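Me: I am new to this structure. Please take a close look at one part, the nonpolar core, and set it in its surroundings.

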Amino acid sequence: MSRLEYTVVLEPLPPEDGGGYLARVPELPGCMSDGETPEEAVVNVQDAVEAWIEAAREQGREVPRPAPVEVLTRAVA
């Protein structure tokens, strides 16, 4: 299966939550993963995207088309 490209939003996780980074896909509600580094979080969320799409298809739900690819980062306030 080829991987579709979705927008990935990266957010640093606070130390009290274990640190690392959260990667989420706004176009796919509830689709997210994390990793120790931004790169690891992006790799991990690609697996989550595939699982999200597979589950949606099994349930007969529509799979949103991906918007143009963006990788966004935001500093912890």
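Reply: Helices (H or I, at least four residues) and strands (E, at least two) are DSSP runs, numbered from the N terminus. By that count, the protein chain has 1 helix and 4 strands. Along the sequence they follow the order β-β-β-α-β.

This is a predicted model: local features need pLDDT of at least 70, side-chain atom pairs count only at pLDDT 80 or more, and totals for chains, interfaces and linings use all residues. Residues are numbered from 1 along each chain as its sequence is written, and side-chain values use heavy atoms, with hydrogens and water left out.

Now the core. A nonpolar core is a set of buried Ala, Val, Leu, Ile, Met, Phe, Trp, Tyr and Cys residues joined through side-chain atoms within 4.5 Å. Buried means under 20% relative accessible area, exposed over 50%, partly exposed in between (1.4 Å probe, protein chains only). The protein chain has 77 residues, and 32% of them count as buried.

The largest nonpolar core holds 16 residues. Y6, V25, L28, C31 and V49 have the most contacts inside it. Both β1 (8–12) and α1 (38–58) supply at least two residues of this core. The most come from α1, which gives 8 residues.

Take V25. A contact means heavy atoms within 4.5 Å. Leaving out residues up to four places away in sequence, V25 touches Y6, T7, C31, V45 and V49.
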